[in-house]
Amino acid sequence: MTDTTPALQFENLSVAYRVKGVSRPVLAGVSLEIRKGEAYGLVGESGCGKSTAAFAALRYLPRNGAVTAGRILIDGQDIGQMAPPALRQLRRQSVAMVYQDPGKALNPSLTIGRQVQEVFELAGVPRADWAARTVEILAKVQISDPQLVMGRYPHQLSGGMQQRVAIAMAIASNPTLLVLDEPTTGLDATVEAEVLDLIQHLRRELSTAILFISHNLAVIARMCDRVGVLYAGRLVEEAPTAQIFNAPQHPYTAGLLSCLPQAGRSKDQAPLATIPGFLPVPGEVISGCVFAARCAVADDLCRSTEPAFRVADGHASKCHYPERAGALPVVAKAGATLRMAEQAAAILQIENLSKSFGDGDQRQRVLRDIGIELRKGETLGLVGESGSGKTTLARCLLGLLQPDMGSELKFAGEPLAGRTAARTRDQVKSIQIVFQNPDSALNRSHTVRRMLERTISLLVGLKGAAREARVQALTQGVRLTERHLASMPRQLSGGLKQRVAIARAFASDPQVLICDEPTSALDVSVQAAILNLLADLQAETQVSYILISHDLGVVRYLSDRIAVMYLGQVLEIGPAETVFSGPHHPYTAALLSSAPAIGDEGAERVKLVGALPTTAQRPTGCVFHTRCPQSIPGLCGSKAPPQIVLEAGHVIECHLPADALPVRG
Amino acid sequence: MNTQTAAAGWRGDLRRLSRSASFDIGVVIVLFWVACALFGPHLVPYDPFADDLLNSLMPPSFAHWFGTDQLGRDVFSRVIVGARDILTVAPIATVLSTILGTALGLTMGYFGGVIDEALSRIVDAVLALPTVIVALLALTALGTSNITVMVVIAFSFAPVIARTVRSAVLAERGFDYVAAAELRRENTFYILFIEILPNVLPPILVEATVRLGYAIFTVATLSFIGFGIQPPSPDWGLSISSNYGLIGGGFWWTVVFDGAAIASLIIGINLIADGIEGLRHD
Amino acid sequence: MPGNVGRAMLGPFADQAAVDVLNHEMGTDRPVLVQYADWISGFVTGDMGMSYAYRSPVAPFLGTALLNSAKLAAVAFVLVVPLGIFGGVIAALYRGRPTDRILSVVGLSATVVPEFVSGILLILIFGVWLRWFPISATWADGAGPLTQLYHLILPAIPLVLILFGYIARMARAGMIEALDADYTRTAVLKGLSYPQVIWRHVLRNALLPTISVIATQTVYLIGGLVVIEILFHYQGIGSLIYTAAKKKDFPMLQAGVMSIGALFALTTLLADLLYARLNPRIRFGGQE
C-alpha cells in the first residue's frame, strides 16, 4: 500500500460528559492509529469509555459530551474542524457505523429497500440505479433473496438478518473506516458466528479499516489485527493481537485474560483469577497509575507517578513494570477435590416434562418430553440458543409455571407438585434460584437485611437471635460485610447485588439451586469472583446446581454434566468433558464451534443452514433436521431419532451411526 | 456511579425539585390558597355573606378591592373564603379515588386473567364517558350535596388511577423479585402491599396530583352548572355562575377574580405534578 | 331514586292528583329497574322513547343537537390538531431550551383551566369590550356557512385551549422518543441533513401515538361542550343533556349519554384502524 495516511487517528483525545453541571472525563489522553485496511480492536469492561471512543470517531457525541482535548483525524482530516456540510459528506462517504441491537437501528416504519437505497441516494448514484445497487449490496451481505427482503419491514426480519441489513448500509459507500460497536452482542451464538464470518469475508473483499469495539476478548481475538485495551478512559496497552493474548504487558490485560474461564479448566482444578476492587469513579483525581489500586504488582512508584505509554517492538504498555504482568500470582486451589457425582444419588428427577402455552392453533409446545436426572452435589449445565426452553424448564422446576399433564417431577424420591403453592415447605426451600439480573431479582425498595430476614423467617422459621446468626453467616458466606446489610440494591454494584441474590438463594439451605445466567449481566472480572463463589459454596454445602448459560466457557468451568437443548428438547446429555470433546450431536458441534474462544481462532466452523424455527412450527422427525449439516434425506425429516448411548450417561438423540457423529477437531 | 445515586433519597429528590422554578411557583400558589381556606374567614375585611344592597355592583375601589356583587357583598372577601369548599371537596374526592383506584389497579395487575378482564371492562365503560356527563347523570339521580359530589368524583376518577396503577404493576410483575417472593411462599397481601406497592408509589403520586387538579376542575365546573357546591357558599364556580349574566353590562369584576382564583389554583397544582413527573424521567 | 318526574315537570304548586296522573301516563310511577329495562329494550331496537319534558319522541331532538355539536367540535379540531402537533414538534426540537419550557408551561396552563373560565374571559374581551365576535353561538335561521363559522369561533377557542396542551404534550413526547431512537442516529450517521432526518425518519414514528390520543380526547371535548354550550347559548348535545338533567327528563338524558358513549366507541375504533393502517408492525404482523 502506498497511501500511509492512517484511516483513523486519535491524538491525545480526551472526552468529557457534563452531568448535573459537573464535567466527568470519560476518555483521557487516548492516542491510537488505525492503518488503512487494518482491523483494530478496542476492549474493556463496561464504563471504560469504548463506546464513547466509537462515537467520537464519527463526531457523534451525546448532547452533554464534548472533546476537551486532542484531535480526531479521519484519512488525515481533522473532523473537529469540519463544518456541518463537510461532516455530512464525511459520513456519507468515509465513515460508517454498525452498533448493537439492530432491531432498533433500523427505522420501523420504512421498508428495508427504502432505508438501504437512501445510502445510494446520498452518495449521488443516479435514481435509476438505486434498486439494482440495493439488490447488489444486500446480496453482498449474503441475504439470499434481496428482492423479497427489500419489501419487508425491519420487524419482519430476524436479528441476524437485521444486522446484515445494517452492515449492508454501512459498507454500501465503501467507507475508509467502519466502526463496529458490539455488533454481535445480544445475538445467539450461531447467529453471532455467522455475522462475524460475514464481517471477515467482507474484510477480504473491501479495503475498509475497522474499529471493532467489544467487551468480549474472544471476539476481538478472532476479528482483529491489533488490539487496544481501555481502562478507566485510558489506553493501557496496545499490541498485535497474538502478543496481547500470549504475552500481555499490562497487569490489567493479564488479569482480564486469567479471569476468563478457558478450555480445559474446571472448578475442580483451580479457582479463576479475579481483579479485586472497583473501577475508579469518573472524575476521581488519580495521581499515579489509574490501575494501581487494583494491581497485584503495584508499588509506591505506581501509586505516585503516572506511567508513560512505552512502546517496544510494536507492543505498547502504560505500566512501570510491563515485564511483571506475566508473573501475576496465580491462586491454586488447596488440595483440589475430585468429585464423585456419578455415584451420588439422584436428588431431582424430571420425566416427560412438557410445557405448552396458548390454546388451539396458537398452542406452542415450549418444552417437549424432557427427561433429566440431577444428582446430589453435581452441576448440570444447560445450553442452547434463545428459544430452546432453558428458562421455561427452570420455572417449571421452581413451580412458577405449571407443567402440562403427564409431566412427572420428583424431589428426593417424592412427587413434586406443579405449583409452588402446592408443594411442602421443605420442597420449596430446597429448590431455589439465582436469577440472571439482580436488578430485577432484588426489590429496589427493600434493604439487603430485610430480604435475607424475610426469607429465613418464612422458609426456615428462625426468629430473633437465631435468625440474626443466620443472616451473619450468609453475609460472610458470600463475602459481604455488615455494612452491606443496611444498603438498598441501588447502592451496590452489579457484582455485590448478585452476591446478595446468592445469599438470599442460600438462606433456606437449598439442595437444588438453579442459576439462570448468573453472570451474564456482569463484567468478566466480576464474573470470575461470582463463579468462584458458586464453586466454593457447592464444595461446602453439597448443593446441586442447574446452570443455565449461553457462555460455554462458564458452563464448562462449573459443570459436571451438560444437557444440550434445542426447541424445547434435550438433544444430548453427558459428562461435561465428553460433550465438549465429542463425539457429540451435530447441533452440539455447531454450537461449540460458533462460540469464539481465545486460542481457537483458526478452527473450522460447523455452519448451520437456515434460520431457527419457532416452537409453533416445530419440524417433524428430528427437530434439528432443517438446519443439520449432516441430515439424512428421507429419514431425519420423517422419523424421530433414536437415543444413542455412547457410554454410561452420555446419550445423544440422532439418526447418525455412532462413528459418524462429529468430534471436536 | 452507584455511590452517587445512593445519596439520592427522598431528601435528595426534594432538593432537586425545589431547584425547579415552576415547581416552586406551584407550591407557593397552592400554599396560598390552602392558607386562605384555613384562615380566610378570620382575615377578610368583610363578612363574605353579608348583603349591602346600597353598595351593590360597585367597581373595585379602596374600600372594596375587588368591588361588590349584586347583593353588595365584598368580592375580595368572597374570593378568599371561596377556597374553602372546593379545597375540602376536591382533595377528599381525590384521596378516595386514589385509594380505590390503587386497590383496583393492584388487583387487576397482579392477578390478571379473568379478574383483570372483568374489571377492565368496567373501567373502560366508565372511561368512555366524560366525567362531567357521568357526574350530571349521577347527581341528577342521587341529588346534589357536597358528599355526593365527592363520591361521584371518587368513583369516576378511580378507573383512571386504576389504569395507571395496573400498567405499573404489570411492569413490576415481570420483575424477578415477585417470583422470588412467591418462591418463599409469601402471602398475597405482603406481595401486593409490601413488595410491589412501594415501587409503584411514584407514578401513583404523580397521577394523584394530576387528579387533584382535575377534581378541582370538575368541582368548579359542576358548581358553575349548578350541580356542585350549593348557595350560599362563596365558591368560585358558583359565584361565576350567578354573575356571568352581568358581564354584558360591564360588571367584569364579579367574575374575573373568581376565574383567576380557579385558574391559579389548578395551574399551581399542575406545576407541582409536572415537577414530580419531570423528576421521575430524569 | 330519580326523584319525582311529574312533580319536576308540573312544578311545586301543581295538584298532587295531576302529578300522579302524569306519572302514571308516562310510566314513571313504576319501579326504576322496570323503567330502565323498558327503556333499554326500546333503545336497542332504535326506539329512544318519549321525552318527559316535551312529550314527544327523543330522536329528532338528539339528531339536531348532535349535528350542532359536531359543527362546533369540527371547528375546534380543525384549529387544534395542527396547532397542537406543531407546538409539540417545536418544543421537542428545542428540548430543554426556553422555547420548550415556555411552550410546555403555556400548554399545561391552557389545558387545565376550566372552559367556563376561559370562555367568560373570551366573551368579556372579544365579545363585550372589542365586539369582534357575537357572544351567542346561535345564529339566525337560514344563516350561511360563513356566518355559522363566525358564530362558532369564539366558543371553539376554549375547547382549543383545553386540547392544545394534551396534543402538544403527546406530540412532544413522541418526537423526543423518536429523536433519541437508534434509527434516528442511523439516519444522522448516514449523512442525511437535519431536515431530512426529521422529515423522513422522525416525524412518522413520532406522530403515530398522537393519533390515538387525539381520538380519546373527543370524550373530554364532549364534556367541555356541556359548559361551552350553556355559556354561549348553543343548542348542542351538551346543553341537551344539561337541560334534560335539570328537568329530570330521563329518556332524553339517557339517550344523550348513550349516544356519547356510542360516539366514543366509534372514534376509538376509527383511530385504531387508522393507527393500524399507518403502522407496519400491526399491518404486517410478526416475523416470518
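Hi everyone, let's start where two chains meet: the contact, meaning heavy atoms within 4.5 Å, takes 29 residues from chain A and 24 residues from chain C. Before I go on, this is a predicted model, where local features need pLDDT of at least 70 and side-chain atom pairs count only at pLDDT 80 or more, while totals for chains, interfaces and linings use all residues. Residues are numbered from 1 along each chain as its sequence is written, chains are lettered from A and ligands numbered from 1 in the order in which they are written, and side-chain values use heavy atoms, with hydrogens and water left out.

Back to chains A and C. The size of an interface is often given as the accessible area lost when the parts come together. Here, chain A and chain C bury about 2,700 Å² between them, with 52% of it on carbon and sulfur atoms. Buried area is the accessible area (1.4 Å probe) that two parts lose on being put together, summed over both.

How many salt bridges are there between chain A and chain C? The count is three, where a salt bridge is a side-chain nitrogen of Lys or Arg within 4 Å of a carboxyl oxygen of Asp or Glu. A:E118 forms a salt bridge with C:K190, and their closest N and O atoms are 2.8 Å apart. On the side of chain A that touches chain C, two or more residues each come from α2 (84-93), β6 (95-99), α3 (102-105) and α4 (112-122) of chain A. The most come from α4(A), which gives five residues. Helices (H or I, at least four residues) and strands (E, at least two) are DSSP runs, numbered from the N terminus.

Now look at chain C with chain B. This contact takes 40 residues from chain C and 35 residues from chain B. Together the two chains bury about 3,300 Å², 78% of it on carbon and sulfur atoms. In chain C, C:V112, C:F116 and C:I120 lose the most area to chain B, together 17% of what that side buries. One salt bridge is found across this interface: the side chains of B:D274 and C:R169 meet at 2.6 Å, N to O. The largest share of the side of chain C that touches chain B comes from α6(C), with nine residues.

What is chain B built from? Its secondary structure comes to twelve helices and zero strands, and its C-alpha trace spans about 80 × 50 × 30 Å along its principal axes. B:P232 is in the loop between α10 (188-224) and α11 (236-243) of chain B.

Finally, let's visit a sheet in chain A. Four strands make an open sheet in the order β14-β13-β16-β17, with antiparallel pairing; two strands pair if DSSP finds at least two bridges between them. β14 (364-375) and β17 (414-415) of chain A stand at the edges with a single partner strand each, so one side of each has no neighbour in the sheet. Strands β13 (residues 346-357) and β16 (residues 408-411) of chain A pair over four bridges in the antiparallel sense, and A:L348 stands opposite A:F411 in β16(A). In the loop between β16 and β17 of chain A you'll find A:A412. Its phi is near 50°, a positive value in a residue other than glycine.
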